[in-house]
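Hi,

Here's the structure I promised to pass on.

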Amino acid sequence: MALHLEGLLAIVIFYVLILFVGIWAAWKNKNSGVEGGSDQSESIMVGGRDIGLFVGGFTMTATWVGGGYINGTAEYVYLPSHGLAWAQAPFGYALSLVVGGLFFAKPMRSRGYVTMLDPFQQLYGKRMGGLLFIPALMGEIFWSAAILSALGATLSVIVDININMSVMISALIAIFYTLVGGLYSVAYTDVVQLFCIFVGLWISVPFALANPAVSDIGVTAVKRVFQTPWLGTIQPSDGWMWADNFCLLMLGGIPWQVYFQRVLSASSATYAQVLSFLAAFGCLVMAIPSVLIGAIGASTDWNQTSYGPVPPMEKDESDMILPIVLQHLCPPFVSFFGLGAVSAAVMSSADSSILSASSMFARNIYQLAFRQSASDREIVWVMRVTIFVFGALATAMALLTGTVYGLWYLSSDLVYVIIFPQLISVLFIKGTNTYGSVAGYVFGLLLRIGGGEPYLRLPPFIYYPGWTQEEKVHHLTKEVEHIVMQRFPFKTVAMLASLLGNAVFSYAAKYLFESGTLSPKYDFLDAVLSKHSKEIMDKTTLVGSDNIILSEMAPVKPRIGSSLAGTFMNAEALSDEGETSPDLNNEPQ
(Lines give C-alpha, C1' and ligand atoms only; values in the text may rest on other atoms or scores of the structure.)
Protein backbone atom coordinates (compact mmCIF):
# COMPACT_ATOMS: atom_id res chain seq x y z
CA MET A 1 0.00 0.00 0.00
CA ALA A 2 3.05 2.34 0.19
CA LEU A 3 2.61 3.23 -3.49
CA HIS A 4 -1.02 4.17 -3.00
CA LEU A 5 -0.30 6.13 0.16
CA GLU A 6 2.30 8.20 -1.70
CA GLY A 7 -0.22 8.95 -4.42
CA LEU A 8 -2.85 9.88 -1.90
CA LEU A 9 -0.40 12.21 -0.16
CA ALA A 10 0.46 13.91 -3.46
CA ILE A 11 -3.22 14.54 -4.24
CA VAL A 12 -3.90 15.85 -0.71
CA ILE A 13 -1.01 18.32 -1.07
CA PHE A 14 -2.33 19.58 -4.42
CA TYR A 15 -5.88 19.92 -3.12
CA VAL A 16 -4.83 21.75 0.05
CA LEU A 17 -2.69 24.12 -2.03
CA ILE A 18 -5.59 24.92 -4.39
CA LEU A 19 -8.03 25.36 -1.51
CA PHE A 20 -5.59 27.72 0.24
CA VAL A 21 -5.09 29.82 -2.91
CA GLY A 22 -8.86 30.00 -3.48
CA ILE A 23 -9.54 31.23 0.06
CA TRP A 24 -6.57 33.64 -0.06
CA ALA A 25 -7.84 35.13 -3.36
CA ALA A 26 -11.30 35.61 -1.84
CA TRP A 27 -9.83 37.37 1.22
CA LYS A 28 -7.41 39.50 -0.81
CA ASN A 29 -10.12 40.79 -3.14
CA LYS A 30 -13.11 40.82 -0.80
CA ASN A 31 -13.71 44.54 -1.33
CA SER A 32 -12.45 44.82 -4.91
CA GLY A 33 -15.06 46.25 -7.27
CA VAL A 34 -17.45 47.00 -4.42
CA GLU A 35 -15.32 49.97 -3.29
CA GLY A 36 -15.53 51.33 -6.83
CA GLY A 37 -19.30 51.39 -6.72
CA SER A 38 -20.08 48.03 -8.31
CA ASP A 39 -22.50 45.59 -6.74
CA GLN A 40 -21.12 42.60 -4.85
CA SER A 41 -23.04 40.22 -7.13
CA GLU A 42 -21.38 41.75 -10.20
CA SER A 43 -18.01 41.52 -8.47
CA ILE A 44 -18.58 37.79 -7.92
CA MET A 45 -19.58 37.31 -11.57
CA VAL A 46 -16.95 39.42 -13.35
CA GLY A 47 -14.39 40.14 -10.63
CA GLY A 48 -14.83 43.91 -10.47
CA ARG A 49 -13.61 44.08 -14.11
CA ASP A 50 -10.01 44.53 -12.96
CA ILE A 51 -8.40 41.15 -13.68
CA GLY A 52 -4.74 41.79 -14.55
CA LEU A 53 -2.77 40.60 -17.57
CA PHE A 54 -0.91 37.81 -15.76
CA VAL A 55 -3.88 36.30 -13.93
CA GLY A 56 -6.18 37.08 -16.86
CA GLY A 57 -3.96 35.24 -19.33
CA PHE A 58 -3.92 32.13 -17.14
CA THR A 59 -7.63 32.12 -16.39
CA MET A 60 -8.54 32.74 -20.05
CA THR A 61 -6.32 29.80 -21.05
CA ALA A 62 -8.13 27.70 -18.45
CA THR A 63 -11.38 28.33 -20.35
CA TRP A 64 -10.65 25.15 -22.29
CA VAL A 65 -7.41 23.70 -20.89
CA GLY A 66 -8.69 21.29 -18.27
CA GLY A 67 -9.08 17.62 -17.55
CA GLY A 68 -11.11 16.89 -20.68
CA TYR A 69 -8.67 18.82 -22.85
CA ILE A 70 -5.44 17.11 -21.77
CA ASN A 71 -6.98 13.64 -21.40
CA GLY A 72 -8.96 13.87 -24.64
CA THR A 73 -5.99 15.07 -26.69
CA ALA A 74 -3.83 12.18 -25.46
CA GLU A 75 -6.67 9.70 -26.11
CA TYR A 76 -7.22 10.76 -29.73
CA VAL A 77 -3.50 10.71 -30.55
CA TYR A 78 -3.30 7.19 -29.06
CA LEU A 79 -6.36 5.69 -30.77
CA PRO A 80 -5.38 3.76 -33.95
CA SER A 81 -8.57 4.85 -35.70
CA HIS A 82 -7.85 8.53 -35.08
CA GLY A 83 -4.31 9.75 -34.40
CA LEU A 84 -3.01 13.32 -34.32
CA ALA A 85 -4.97 14.19 -37.47
CA TRP A 86 -8.21 13.78 -35.50
CA ALA A 87 -6.99 15.44 -32.28
CA GLN A 88 -8.68 18.70 -33.24
CA ALA A 89 -9.15 20.24 -29.80
CA PRO A 90 -5.79 22.11 -29.53
CA PHE A 91 -6.06 23.93 -32.85
CA GLY A 92 -9.86 24.14 -32.75
CA TYR A 93 -10.05 25.80 -29.35
CA ALA A 94 -7.01 28.00 -30.06
CA LEU A 95 -8.69 29.33 -33.20
CA SER A 96 -11.91 29.68 -31.20
CA LEU A 97 -10.15 32.09 -28.86
CA VAL A 98 -8.63 33.98 -31.80
CA VAL A 99 -12.01 34.36 -33.55
CA GLY A 100 -13.64 35.28 -30.24
CA GLY A 101 -10.99 37.94 -29.61
CA LEU A 102 -11.23 39.39 -33.12
CA PHE A 103 -15.01 39.63 -33.45
CA PHE A 104 -16.88 39.01 -30.19
CA ALA A 105 -14.80 40.20 -27.23
CA LYS A 106 -14.86 43.90 -28.19
CA PRO A 107 -18.65 44.38 -28.71
CA MET A 108 -19.50 42.30 -25.64
CA ARG A 109 -17.03 44.02 -23.28
CA SER A 110 -17.50 47.56 -24.63
CA ARG A 111 -21.23 47.39 -23.90
CA GLY A 112 -20.55 46.39 -20.32
CA TYR A 113 -22.63 43.22 -20.21
CA VAL A 114 -22.37 41.01 -17.13
CA THR A 115 -23.25 37.62 -18.66
CA MET A 116 -23.43 36.16 -22.17
CA LEU A 117 -27.25 36.16 -22.06
CA ASP A 118 -27.59 39.93 -21.46
CA PRO A 119 -27.69 40.94 -25.16
CA PHE A 120 -30.30 38.27 -25.90
CA GLN A 121 -32.60 39.53 -23.19
CA GLN A 122 -31.96 43.12 -24.19
CA LEU A 123 -33.09 42.49 -27.78
CA TYR A 124 -35.29 39.39 -27.71
CA GLY A 125 -36.93 39.62 -24.27
CA LYS A 126 -36.85 37.68 -21.04
CA ARG A 127 -38.76 34.63 -22.34
CA MET A 128 -36.32 34.12 -25.21
CA GLY A 129 -33.46 34.64 -22.77
CA GLY A 130 -34.92 31.82 -20.68
CA LEU A 131 -35.06 29.51 -23.72
CA LEU A 132 -31.43 30.24 -24.59
CA PHE A 133 -30.46 29.64 -20.97
CA ILE A 134 -31.45 25.97 -21.35
CA PRO A 135 -28.71 24.82 -23.80
CA ALA A 136 -26.20 27.13 -22.09
CA LEU A 137 -26.96 25.56 -18.69
CA MET A 138 -26.91 22.03 -20.12
CA GLY A 139 -23.49 22.63 -21.61
CA GLU A 140 -21.99 23.91 -18.35
CA ILE A 141 -23.51 21.24 -16.09
CA PHE A 142 -22.81 18.28 -18.40
CA TRP A 143 -19.26 19.53 -18.98
CA SER A 144 -18.66 19.68 -15.22
CA ALA A 145 -20.18 16.22 -14.75
CA ALA A 146 -18.11 14.72 -17.56
CA ILE A 147 -14.78 15.94 -16.20
CA LEU A 148 -15.64 14.99 -12.62
CA SER A 149 -16.50 11.50 -13.89
CA ALA A 150 -13.15 11.31 -15.70
CA LEU A 151 -11.35 12.41 -12.55
CA GLY A 152 -13.02 9.70 -10.47
CA ALA A 153 -12.07 7.01 -12.97
CA THR A 154 -8.48 8.27 -13.14
CA LEU A 155 -7.94 8.38 -9.38
CA SER A 156 -9.57 4.99 -8.84
CA VAL A 157 -7.24 3.41 -11.40
CA ILE A 158 -3.97 4.90 -10.16
CA VAL A 159 -4.41 5.46 -6.43
CA ASP A 160 -6.97 2.71 -5.85
CA ILE A 161 -9.31 4.91 -3.84
CA ASN A 162 -13.09 4.82 -4.01
CA ILE A 163 -14.34 6.58 -7.15
CA ASN A 164 -17.37 8.11 -5.39
CA MET A 165 -15.24 9.50 -2.60
CA SER A 166 -12.69 11.07 -4.99
CA VAL A 167 -15.42 12.75 -7.08
CA MET A 168 -17.26 14.14 -4.05
CA ILE A 169 -14.12 15.51 -2.35
CA SER A 170 -12.95 17.17 -5.58
CA ALA A 171 -16.37 18.71 -6.20
CA LEU A 172 -16.71 19.93 -2.61
CA ILE A 173 -13.34 21.72 -2.71
CA ALA A 174 -14.17 23.41 -6.05
CA ILE A 175 -17.66 24.40 -4.82
CA PHE A 176 -16.31 25.74 -1.51
CA TYR A 177 -13.72 28.16 -2.86
CA THR A 178 -16.09 29.26 -5.67
CA LEU A 179 -18.75 29.99 -3.03
CA VAL A 180 -16.28 32.02 -1.00
CA GLY A 181 -14.54 34.04 -3.68
CA GLY A 182 -16.45 33.87 -6.96
CA LEU A 183 -14.45 34.73 -10.08
CA TYR A 184 -11.44 35.93 -8.08
CA SER A 185 -10.97 32.49 -6.51
CA VAL A 186 -11.55 30.78 -9.86
CA ALA A 187 -9.00 33.04 -11.58
CA TYR A 188 -6.23 32.73 -8.99
CA THR A 189 -6.62 28.95 -8.64
CA ASP A 190 -6.41 28.74 -12.45
CA VAL A 191 -2.88 30.14 -12.21
CA VAL A 192 -1.85 27.39 -9.76
CA GLN A 193 -3.68 24.65 -11.66
CA LEU A 194 -2.21 25.49 -15.07
CA PHE A 195 1.26 25.73 -13.56
CA CYS A 196 0.76 22.28 -11.98
CA ILE A 197 -0.48 20.81 -15.27
CA PHE A 198 2.43 22.22 -17.26
CA VAL A 199 5.16 21.24 -14.80
CA GLY A 200 3.59 17.89 -13.85
CA LEU A 201 3.18 16.66 -17.42
CA TRP A 202 6.51 17.97 -18.69
CA ILE A 203 8.34 16.27 -15.81
CA SER A 204 6.65 12.99 -16.74
CA VAL A 205 7.34 13.06 -20.51
CA PRO A 206 11.16 12.49 -20.44
CA PHE A 207 10.82 9.55 -18.02
CA ALA A 208 8.11 7.95 -20.17
CA LEU A 209 10.16 8.42 -23.36
CA ALA A 210 13.17 6.82 -21.69
CA ASN A 211 11.26 3.67 -20.66
CA PRO A 212 12.70 0.56 -22.42
CA ALA A 213 9.20 -0.53 -23.48
CA VAL A 214 8.72 2.62 -25.58
CA SER A 215 9.87 2.70 -29.20
CA ASP A 216 11.07 5.82 -31.00
CA ILE A 217 7.96 7.99 -31.42
CA GLY A 218 9.50 9.46 -34.58
CA VAL A 219 9.41 5.99 -36.17
CA THR A 220 5.96 5.04 -34.90
CA ALA A 221 4.58 8.33 -36.23
CA VAL A 222 4.91 7.09 -39.82
CA LYS A 223 5.45 3.31 -39.55
CA ARG A 224 3.36 0.57 -38.01
CA VAL A 225 5.13 -0.97 -35.00
CA PHE A 226 2.58 -1.92 -32.32
CA GLN A 227 -0.39 -0.25 -34.01
CA THR A 228 -1.10 2.07 -36.91
CA PRO A 229 1.02 5.30 -37.05
CA TRP A 230 -0.07 7.84 -34.45
CA LEU A 231 -0.03 10.75 -36.91
CA GLY A 232 -3.28 9.36 -38.28
CA THR A 233 -4.94 9.93 -41.62
CA ILE A 234 -8.11 11.57 -42.90
CA GLN A 235 -9.87 9.45 -45.49
CA PRO A 236 -11.57 11.34 -48.34
CA SER A 237 -14.94 9.94 -47.25
CA ASP A 238 -14.39 11.44 -43.77
CA GLY A 239 -13.37 14.90 -44.99
CA TRP A 240 -16.74 16.61 -44.46
CA MET A 241 -17.18 15.01 -41.04
CA TRP A 242 -13.70 16.21 -40.02
CA ALA A 243 -14.50 19.74 -41.21
CA ASP A 244 -17.86 19.65 -39.39
CA ASN A 245 -16.21 18.68 -36.10
CA PHE A 246 -13.49 21.30 -36.55
CA CYS A 247 -16.05 24.06 -37.12
CA LEU A 248 -17.89 22.81 -34.03
CA LEU A 249 -14.76 23.36 -31.93
CA MET A 250 -13.66 26.61 -33.56
CA LEU A 251 -17.03 28.39 -33.68
CA GLY A 252 -18.94 26.40 -31.08
CA GLY A 253 -16.21 27.18 -28.54
CA ILE A 254 -17.17 30.87 -28.56
CA PRO A 255 -20.73 31.11 -27.13
CA TRP A 256 -19.95 29.77 -23.66
CA GLN A 257 -20.37 31.72 -20.45
CA VAL A 258 -17.02 30.35 -19.21
CA TYR A 259 -15.36 32.30 -22.04
CA PHE A 260 -17.38 35.49 -21.77
CA GLN A 261 -17.01 35.39 -18.00
CA ARG A 262 -13.31 36.08 -18.59
CA VAL A 263 -13.93 38.55 -21.42
CA LEU A 264 -16.32 40.62 -19.33
CA SER A 265 -13.95 40.64 -16.34
CA ALA A 266 -11.21 42.40 -18.36
CA SER A 267 -10.59 46.07 -17.61
CA SER A 268 -11.30 47.14 -21.21
CA ALA A 269 -12.45 45.77 -24.57
CA THR A 270 -8.90 45.89 -25.95
CA TYR A 271 -7.63 44.04 -22.89
CA ALA A 272 -10.25 41.34 -23.45
CA GLN A 273 -8.97 40.86 -27.01
CA VAL A 274 -5.34 40.63 -25.86
CA LEU A 275 -6.26 38.04 -23.24
CA SER A 276 -8.04 35.96 -25.90
CA PHE A 277 -4.95 35.95 -28.12
CA LEU A 278 -2.66 35.06 -25.21
CA ALA A 279 -4.97 32.20 -24.25
CA ALA A 280 -4.94 30.86 -27.83
CA PHE A 281 -1.16 30.54 -27.62
CA GLY A 282 -1.49 28.99 -24.14
CA CYS A 283 -3.90 26.35 -25.46
CA LEU A 284 -1.39 25.19 -28.06
CA VAL A 285 1.52 25.13 -25.60
CA MET A 286 -0.46 23.18 -23.00
CA ALA A 287 -1.44 20.54 -25.57
CA ILE A 288 2.14 19.55 -26.45
CA PRO A 289 2.78 17.20 -23.49
CA SER A 290 -0.62 15.55 -24.01
CA VAL A 291 0.19 14.90 -27.67
CA LEU A 292 3.56 13.40 -26.69
CA ILE A 293 1.95 11.18 -24.03
CA GLY A 294 -0.60 9.92 -26.56
CA ALA A 295 2.24 9.18 -28.99
CA ILE A 296 4.14 7.37 -26.22
CA GLY A 297 1.07 5.23 -25.51
CA ALA A 298 0.88 4.28 -29.20
CA SER A 299 4.61 3.41 -29.22
CA THR A 300 4.63 1.15 -26.15
CA ASP A 301 4.99 -2.62 -25.98
CA TRP A 302 2.59 -3.08 -23.07
CA ASN A 303 3.77 -6.66 -22.56
CA GLN A 304 6.98 -5.24 -21.09
CA THR A 305 5.16 -3.07 -18.56
CA SER A 306 3.32 -3.66 -15.31
CA TYR A 307 0.09 -2.88 -17.14
CA GLY A 308 0.02 -6.30 -18.81
CA PRO A 309 0.04 -7.71 -22.35
CA VAL A 310 -3.39 -6.41 -23.37
CA PRO A 311 -3.20 -2.78 -24.65
CA PRO A 312 -5.49 -0.16 -23.08
CA MET A 313 -7.48 0.08 -26.30
CA GLU A 314 -8.54 -3.57 -26.06
CA LYS A 315 -9.66 -3.05 -22.46
CA ASP A 316 -11.80 -0.04 -23.47
CA GLU A 317 -9.47 2.18 -21.39
CA SER A 318 -8.23 4.43 -24.19
CA ASP A 319 -9.79 7.43 -22.48
CA MET A 320 -7.37 6.93 -19.56
CA ILE A 321 -4.19 6.56 -21.64
CA LEU A 322 -2.61 9.64 -20.00
CA PRO A 323 -2.85 8.42 -16.39
CA ILE A 324 -1.96 4.87 -17.53
CA VAL A 325 1.26 6.14 -19.13
CA LEU A 326 2.05 8.13 -15.97
CA GLN A 327 1.52 5.10 -13.76
CA HIS A 328 3.20 2.33 -15.73
CA LEU A 329 5.98 4.11 -17.64
CA CYS A 330 7.21 6.62 -15.04
CA PRO A 331 8.83 6.23 -11.59
CA PRO A 332 6.30 6.41 -8.72
CA PHE A 333 7.25 9.89 -7.50
CA VAL A 334 6.97 11.27 -11.04
CA SER A 335 3.67 9.57 -11.81
CA PHE A 336 2.04 10.90 -8.67
CA PHE A 337 3.20 14.44 -9.40
CA GLY A 338 1.60 14.04 -12.82
CA LEU A 339 -1.53 12.63 -11.21
CA GLY A 340 -1.82 15.71 -9.04
CA ALA A 341 -1.55 17.79 -12.20
CA VAL A 342 -4.42 15.85 -13.80
CA SER A 343 -6.68 16.29 -10.79
CA ALA A 344 -5.81 19.99 -10.67
CA ALA A 345 -6.73 20.28 -14.34
CA VAL A 346 -10.15 18.83 -13.69
CA MET A 347 -10.90 21.25 -10.88
CA SER A 348 -9.83 24.20 -13.03
CA SER A 349 -12.64 23.33 -15.44
CA ALA A 350 -15.32 22.35 -12.94
CA ASP A 351 -15.18 25.50 -10.79
CA SER A 352 -15.58 27.97 -13.67
CA SER A 353 -18.45 26.02 -15.27
CA ILE A 354 -20.37 25.93 -11.99
CA LEU A 355 -19.82 29.68 -11.47
CA SER A 356 -20.92 30.38 -15.06
CA ALA A 357 -24.18 28.45 -14.67
CA SER A 358 -25.03 30.14 -11.36
CA SER A 359 -24.20 33.61 -12.76
CA MET A 360 -26.59 33.17 -15.69
CA PHE A 361 -29.36 31.84 -13.46
CA ALA A 362 -29.04 34.50 -10.76
CA ARG A 363 -28.87 37.44 -13.16
CA ASN A 364 -30.78 36.45 -16.30
CA ILE A 365 -33.44 34.18 -14.88
CA TYR A 366 -33.99 35.17 -11.24
CA GLN A 367 -33.24 38.90 -11.37
CA LEU A 368 -34.16 40.03 -14.88
CA ALA A 369 -37.02 37.64 -15.58
CA PHE A 370 -38.70 37.29 -12.18
CA ARG A 371 -37.44 39.77 -9.54
CA GLN A 372 -36.15 42.95 -11.12
CA SER A 373 -36.48 44.70 -7.75
CA ALA A 374 -34.25 42.12 -6.01
CA SER A 375 -31.54 43.62 -3.80
CA ASP A 376 -27.87 42.97 -4.42
CA ARG A 377 -27.66 40.92 -1.22
CA GLU A 378 -30.53 38.75 -2.44
CA ILE A 379 -28.79 38.11 -5.78
CA VAL A 380 -25.59 37.17 -3.96
CA TRP A 381 -27.45 34.57 -1.89
CA VAL A 382 -29.20 33.20 -4.97
CA MET A 383 -25.77 32.79 -6.58
CA ARG A 384 -24.40 30.99 -3.54
CA VAL A 385 -27.36 28.61 -3.39
CA THR A 386 -27.20 27.85 -7.13
CA ILE A 387 -23.42 27.30 -7.02
CA PHE A 388 -24.07 24.59 -4.46
CA VAL A 389 -27.11 23.19 -6.30
CA PHE A 390 -25.46 23.10 -9.74
CA GLY A 391 -22.28 21.67 -8.23
CA ALA A 392 -24.27 18.95 -6.47
CA LEU A 393 -26.19 18.24 -9.70
CA ALA A 394 -22.97 17.85 -11.72
CA THR A 395 -21.52 15.59 -9.00
CA ALA A 396 -24.66 13.43 -8.91
CA MET A 397 -24.61 13.05 -12.70
CA ALA A 398 -20.93 12.10 -12.61
CA LEU A 399 -21.67 9.35 -10.07
CA LEU A 400 -25.04 8.05 -11.22
CA THR A 401 -25.17 8.15 -15.02
CA GLY A 402 -23.01 6.29 -17.50
CA THR A 403 -23.96 8.54 -20.42
CA VAL A 404 -22.57 11.81 -19.11
CA TYR A 405 -20.11 12.19 -22.01
CA GLY A 406 -22.90 11.60 -24.50
CA LEU A 407 -25.00 14.28 -22.80
CA TRP A 408 -22.11 16.72 -22.95
CA TYR A 409 -21.43 16.02 -26.63
CA LEU A 410 -25.08 16.65 -27.47
CA SER A 411 -25.34 19.80 -25.33
CA SER A 412 -22.13 21.25 -26.82
CA ASP A 413 -23.59 20.64 -30.26
CA LEU A 414 -26.75 22.51 -29.20
CA VAL A 415 -24.61 25.43 -28.04
CA TYR A 416 -23.06 25.51 -31.54
CA VAL A 417 -26.23 25.16 -33.61
CA ILE A 418 -28.50 27.32 -31.40
CA ILE A 419 -26.58 29.89 -29.35
CA PHE A 420 -23.77 30.72 -31.83
CA PRO A 421 -26.10 31.86 -34.66
CA GLN A 422 -28.20 33.76 -32.12
CA LEU A 423 -25.05 35.53 -30.89
CA ILE A 424 -24.10 36.53 -34.44
CA SER A 425 -27.64 37.80 -35.03
CA VAL A 426 -27.85 39.85 -31.85
CA LEU A 427 -24.42 41.46 -32.29
CA PHE A 428 -24.01 41.89 -36.06
CA ILE A 429 -27.32 41.54 -37.92
CA LYS A 430 -29.38 44.68 -37.56
CA GLY A 431 -33.12 44.28 -37.14
CA THR A 432 -33.53 40.71 -35.92
CA ASN A 433 -36.34 40.17 -33.45
CA THR A 434 -37.94 37.57 -31.20
CA TYR A 435 -39.92 35.89 -34.00
CA GLY A 436 -36.74 35.20 -35.94
CA SER A 437 -34.96 34.09 -32.79
CA VAL A 438 -37.66 31.50 -32.02
CA ALA A 439 -37.61 30.23 -35.62
CA GLY A 440 -33.82 29.91 -35.62
CA TYR A 441 -33.93 28.09 -32.28
CA VAL A 442 -36.45 25.53 -33.59
CA PHE A 443 -34.61 24.98 -36.90
CA GLY A 444 -31.27 24.39 -35.19
CA LEU A 445 -32.75 22.08 -32.57
CA LEU A 446 -34.69 19.89 -35.03
CA LEU A 447 -31.86 19.57 -37.56
CA ARG A 448 -29.33 18.64 -34.84
CA ILE A 449 -31.53 16.21 -32.89
CA GLY A 450 -32.67 14.73 -36.19
CA GLY A 451 -29.11 13.60 -36.91
CA GLY A 452 -29.06 11.36 -33.82
CA GLU A 453 -26.33 10.92 -31.19
CA PRO A 454 -24.43 7.59 -31.03
CA TYR A 455 -23.08 8.32 -27.53
CA LEU A 456 -26.64 8.45 -26.19
CA ARG A 457 -27.83 5.70 -28.55
CA LEU A 458 -30.27 8.27 -29.89
CA PRO A 459 -31.33 7.10 -33.37
CA PRO A 460 -31.65 9.68 -36.17
CA PHE A 461 -34.93 10.55 -37.82
CA ILE A 462 -33.15 12.60 -40.51
CA TYR A 463 -30.73 10.58 -42.63
CA TYR A 464 -28.39 13.07 -44.24
CA PRO A 465 -26.58 12.33 -47.55
CA GLY A 466 -23.67 9.90 -47.20
CA TRP A 467 -24.83 8.23 -43.98
CA THR A 468 -23.51 4.74 -43.23
CA GLN A 469 -24.24 2.08 -40.65
CA GLU A 470 -21.22 0.72 -38.79
CA GLU A 471 -20.59 -1.93 -36.16
CA LYS A 472 -18.95 -0.99 -32.88
CA VAL A 473 -17.56 -3.89 -30.84
CA HIS A 474 -17.11 -3.45 -27.08
CA HIS A 475 -13.92 -5.38 -26.31
CA LEU A 476 -14.78 -6.36 -22.75
CA THR A 477 -18.41 -7.45 -23.22
CA LYS A 478 -18.05 -8.48 -26.91
CA GLU A 479 -21.30 -6.62 -27.45
CA VAL A 480 -21.85 -5.51 -31.05
CA GLU A 481 -23.57 -2.15 -31.46
CA HIS A 482 -24.92 -0.87 -34.77
CA ILE A 483 -24.57 2.88 -35.08
CA VAL A 484 -25.45 5.34 -37.84
CA MET A 485 -22.55 7.57 -38.90
CA GLN A 486 -23.60 10.90 -40.41
CA ARG A 487 -20.70 11.85 -42.69
CA PHE A 488 -22.53 14.92 -43.96
CA PRO A 489 -21.59 18.16 -42.10
CA PHE A 490 -25.09 18.34 -40.63
CA LYS A 491 -24.08 20.23 -37.48
CA THR A 492 -22.72 23.16 -39.45
CA VAL A 493 -25.69 23.00 -41.83
CA ALA A 494 -28.02 23.14 -38.78
CA MET A 495 -26.12 26.18 -37.48
CA LEU A 496 -26.36 27.98 -40.84
CA ALA A 497 -30.07 27.10 -41.11
CA SER A 498 -30.62 28.54 -37.65
CA LEU A 499 -28.79 31.76 -38.61
CA LEU A 500 -30.68 32.08 -41.90
CA GLY A 501 -34.01 31.25 -40.24
CA ASN A 502 -33.46 33.99 -37.66
CA ALA A 503 -32.79 36.64 -40.32
CA VAL A 504 -35.55 35.56 -42.73
CA PHE A 505 -38.32 35.25 -40.13
CA SER A 506 -37.24 38.48 -38.40
CA TYR A 507 -37.49 40.51 -41.58
CA ALA A 508 -40.67 38.74 -42.66
CA ALA A 509 -42.34 39.61 -39.34
CA LYS A 510 -40.98 43.16 -39.52
CA TYR A 511 -42.39 43.63 -43.05
CA LEU A 512 -45.78 42.09 -42.28
CA PHE A 513 -46.39 44.22 -39.20
CA GLU A 514 -44.87 47.52 -40.33
CA SER A 515 -46.56 47.41 -43.72
CA GLY A 516 -49.93 46.81 -42.06
CA THR A 517 -50.43 43.37 -43.65
CA LEU A 518 -50.86 41.95 -40.16
CA SER A 519 -52.78 43.75 -37.45
CA PRO A 520 -50.77 44.97 -34.42
CA LYS A 521 -52.90 42.74 -32.19
CA TYR A 522 -51.10 39.69 -33.67
CA ASP A 523 -47.72 40.95 -32.44
CA PHE A 524 -48.15 38.75 -29.38
CA LEU A 525 -44.43 38.72 -28.59
CA ASP A 526 -44.28 42.54 -28.63
CA ALA A 527 -41.20 42.20 -30.79
CA VAL A 528 -41.89 44.57 -33.70
CA LEU A 529 -44.41 47.26 -32.81
CA SER A 530 -43.83 47.50 -29.07
CA LYS A 531 -40.09 47.60 -28.65
CA HIS A 532 -40.29 49.19 -25.21
CA SER A 533 -42.78 46.77 -23.68
CA LYS A 534 -42.11 45.04 -20.37
CA GLU A 535 -41.17 41.89 -22.29
CA ILE A 536 -38.22 43.40 -24.15
CA MET A 537 -35.34 43.88 -21.73
CA ASP A 538 -33.98 47.17 -23.04
CA LYS A 539 -31.29 49.16 -21.24
CA THR A 540 -33.84 50.88 -19.01
CA THR A 541 -35.29 47.58 -17.89
CA LEU A 542 -31.85 46.04 -17.33
CA VAL A 543 -31.06 48.60 -14.64
CA GLY A 544 -34.18 47.64 -12.75
CA SER A 545 -36.63 50.37 -13.79
CA ASP A 546 -40.15 49.12 -14.38
CA ASN A 547 -41.67 52.50 -15.20
CA ILE A 548 -42.22 52.13 -18.94
CA ILE A 549 -45.00 54.53 -19.95
CA LEU A 550 -47.13 54.65 -23.08
CA SER A 551 -45.33 57.69 -24.51
CA GLU A 552 -42.08 55.68 -24.62
CA MET A 553 -43.49 53.09 -27.02
CA ALA A 554 -41.59 53.08 -30.31
CA PRO A 555 -43.58 54.71 -33.12
CA VAL A 556 -44.40 52.49 -36.10
CA LYS A 557 -42.47 53.75 -39.11
CA PRO A 558 -42.02 51.60 -42.23
CA ARG A 559 -38.31 51.42 -43.03
CA ILE A 560 -38.42 48.96 -45.91
CA GLY A 561 -36.46 51.26 -48.23
CA SER A 562 -33.27 51.38 -46.15
CA SER A 563 -30.04 50.30 -47.80
CA LEU A 564 -29.13 46.63 -47.92
CA ALA A 565 -25.75 47.09 -46.21
CA GLY A 566 -27.27 49.18 -43.43
CA THR A 567 -30.01 46.66 -42.87
CA PHE A 568 -27.87 43.56 -42.54
CA MET A 569 -24.73 44.84 -40.84
CA ASN A 570 -24.79 46.42 -37.41
CA ALA A 571 -21.66 48.57 -37.66
CA GLU A 572 -22.21 49.87 -34.13
CA ALA A 573 -21.31 46.46 -32.76
CA LEU A 574 -17.72 46.97 -33.87
CA SER A 575 -17.34 50.38 -32.29
CA ASP A 576 -16.85 51.40 -28.68
CA GLU A 577 -18.45 54.80 -29.29
CA GLY A 578 -21.74 55.43 -27.63
CA GLU A 579 -21.82 52.04 -25.95
CA THR A 580 -22.42 51.91 -22.25
CA SER A 581 -23.12 49.22 -19.77
CA PRO A 582 -26.78 48.32 -19.38
CA ASP A 583 -26.07 48.29 -15.65
CA LEU A 584 -24.20 51.57 -15.54
CA ASN A 585 -26.57 53.97 -17.30
CA ASN A 586 -27.70 55.55 -14.05
CA GLU A 587 -24.27 55.84 -12.46
CA PRO A 588 -23.02 59.35 -11.67
CA GLN A 589 -20.37 60.57 -14.06
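Asp413 and Lys491 are both buried, where buried means under 20% relative accessible area, exposed means over 50%, and partly exposed is in between (1.4 Å probe, protein chains only). The two form a salt bridge, with their closest N and O atoms 3.5 Å apart. I'm calling something a salt bridge when a side-chain nitrogen of Lys or Arg sits within 4 Å of a carboxyl oxygen of Asp or Glu. Asp413 belongs to helix α17 (residues 404-428) and Lys491 to helix α19 (residues 490-514), so this pair ties together parts that are 78 residues apart in sequence. There's also a network of salt bridges here, linking Asp413, Arg448, Glu453 and Lys491.

Before you go further: this is a predicted model, so local features need pLDDT of at least 70 and side-chain atom pairs count only at pLDDT 80 or more, while totals for chains, interfaces and linings use all residues. Residues are numbered from 1 along each chain as its sequence is written, and side-chain values use heavy atoms, with hydrogens and water left out.

Back to the salt bridges: the count comes to 9. One of them joins the side chains of Asp118 and Arg363 at 2.9 Å, N to O. That pair links distant parts of the chain, with Asp118 in helix α6 (residues 118-124) and Arg363 in helix α15 (residues 332-370), 245 residues apart. Asp118 and Arg363 are both buried.

Then there's Glu378 with Arg371, whose side chains meet in a salt bridge at 2.7 Å, N to O. Glu378 is partly exposed, at a relative accessible area of 22%, and Arg371 also counts as partly exposed, at 34%.

Which helix is largely enclosed by the rest of the structure? It's α14 (residues 321-329), because 8 of its 9 residues are buried. Among the buried ones are Ile321, Pro323, His328 and Leu329.

As for the whole chain, it has 21 helices and 2 strands; these are DSSP runs numbered from the N terminus (helices: H or I, at least four residues; strands: E, at least two). Of its 589 residues, 56% are buried. If you take contacts (heavy atoms within 4.5 Å) between residues at least 6 apart in sequence, 81% join residues at least 24 apart. The chain exposes about 24000 Å², and carbon and sulfur atoms supply 67% of that; the areas come from the Shrake-Rupley method with a 1.4 Å probe, and for residues only the protein chains shown count as cover.

Cheers
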